[in-house]
Amino acid sequence: MAVIAVFNQKGGVGKTTTCLNLAAALSLAQRHPIALDMDPQGHLSLASGLKNGTVQSKSMATFFKDKVPLAKLLHDTPAGWQIVPATLELSKIDALYGSDPHAAKMLKQGLAEELALTGAPILIDCCPMLGVLTLNALLASDRVLIPVSADFLSQHGVHRLDSALNVLEKKLQRKFERRILVTRFDSRRKLSYDIYDKLKQRYGELVCKTRIGESVALATSPMHGLDVFAYAPQSPGAADYKLLAAELMESGFV
């Protein structure tokens, strides 16, 4: 079972877009993924086609607050994969467990008890802040996928995130297998190529060969509660995420 945290502390880099469409691509490849929405904003849940009123009693907040097993909180998405959604209630978890030294391991234990035997790849859409929720996601994961938009500030941010993961690895005495995914790549701009090349020079094979281009379909599909394959299957965005899924499966990352 691959547990992959999709994480970046910077917003607007395509974190939720990547989680949504990678899950859909893996579903099309018959890998039957499960997504966990660990961001209280619940954007992944909305983009997956779930209505807020239907998820209040079966969400990630229910797992943390009421200790309901994750397997009982799964929702089927219209695209055929499964998700444990998020609601605003999830924003209270940091305050509820912030002083509990054992709280950061709750998700890891929950996955081991309930979902490990399924063998399904698990994608975690992380909250962009380093708090109880993100620590839960990272401790439960063995891999971290870092979306980085093709601009200077995002490139600078990934260096800080890489350093933070290095510190966490030393503290936990374990390694996170990582991949860096360049998103919002504009083939008309030299800057996009420069950012990609600089990341390759610094991180080498950790940078995905696949680049996710700017795409109207990727930006629009969540408004309709659809992934890009359901919304615009012939679009460049669909082609990019299909290539990404194939690359990650071929490399053993998924």
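1. Three helices each give at least two residues to the lining of the largest pocket: helix 1 (15–28), helix 2 (43–47) and helix 9 (216–220). Helix 1 provides the largest share, 4 residues. Helices here are DSSP runs of H or I with at least four residues, strands are E runs of at least two, and both are numbered from the N terminus.

2. A word on the basis of these points: this is a predicted model, in which local features need pLDDT of at least 70 and side-chain atom pairs count only at pLDDT 80 or more, while totals for chains, interfaces and linings use all residues. Residues are numbered from 1 along each chain as its sequence is written, and side-chain values use heavy atoms, with hydrogens and water left out.

3. Back to the pocket, whose volume is about 500 Å³. Of its 24 lining residues, Gly12, Val13, Gly14, Lys15 and Thr17 are the closest to the centre. A pocket is an open set of points on a 1 Å grid over the protein atoms alone, where a 1.4 Å probe fits, with protein on both sides within 12 Å along at least five of seven lines; lining residues have an atom within 4 Å of a point. The volume is the space filled by probe spheres set on the points, which are joined across faces, edges and corners.

4. For the fold as a whole, the protein chain has 11 helices and 7 strands. The C-alpha atoms fill a box of roughly 50 × 40 × 30 Å along the principal axes.

5. Buried residues make up 55% of the 254 in the chain; buried means under 20% relative accessible area, with a 1.4 Å probe and protein chains only.

6. Asp37 may be worth a look in your viewer. Asp37 sits in strand 2 (residues 34–37) and counts as buried, because its relative accessibility is 0%. Beyond four places in sequence, its contacts (heavy atoms within 4.5 Å) include His43, Ser45, Pro85 and Asp125.

Methods
Buried means under 20% relative accessible area, exposed over 50%, partly exposed in between (1.4 Å probe, protein chains only).
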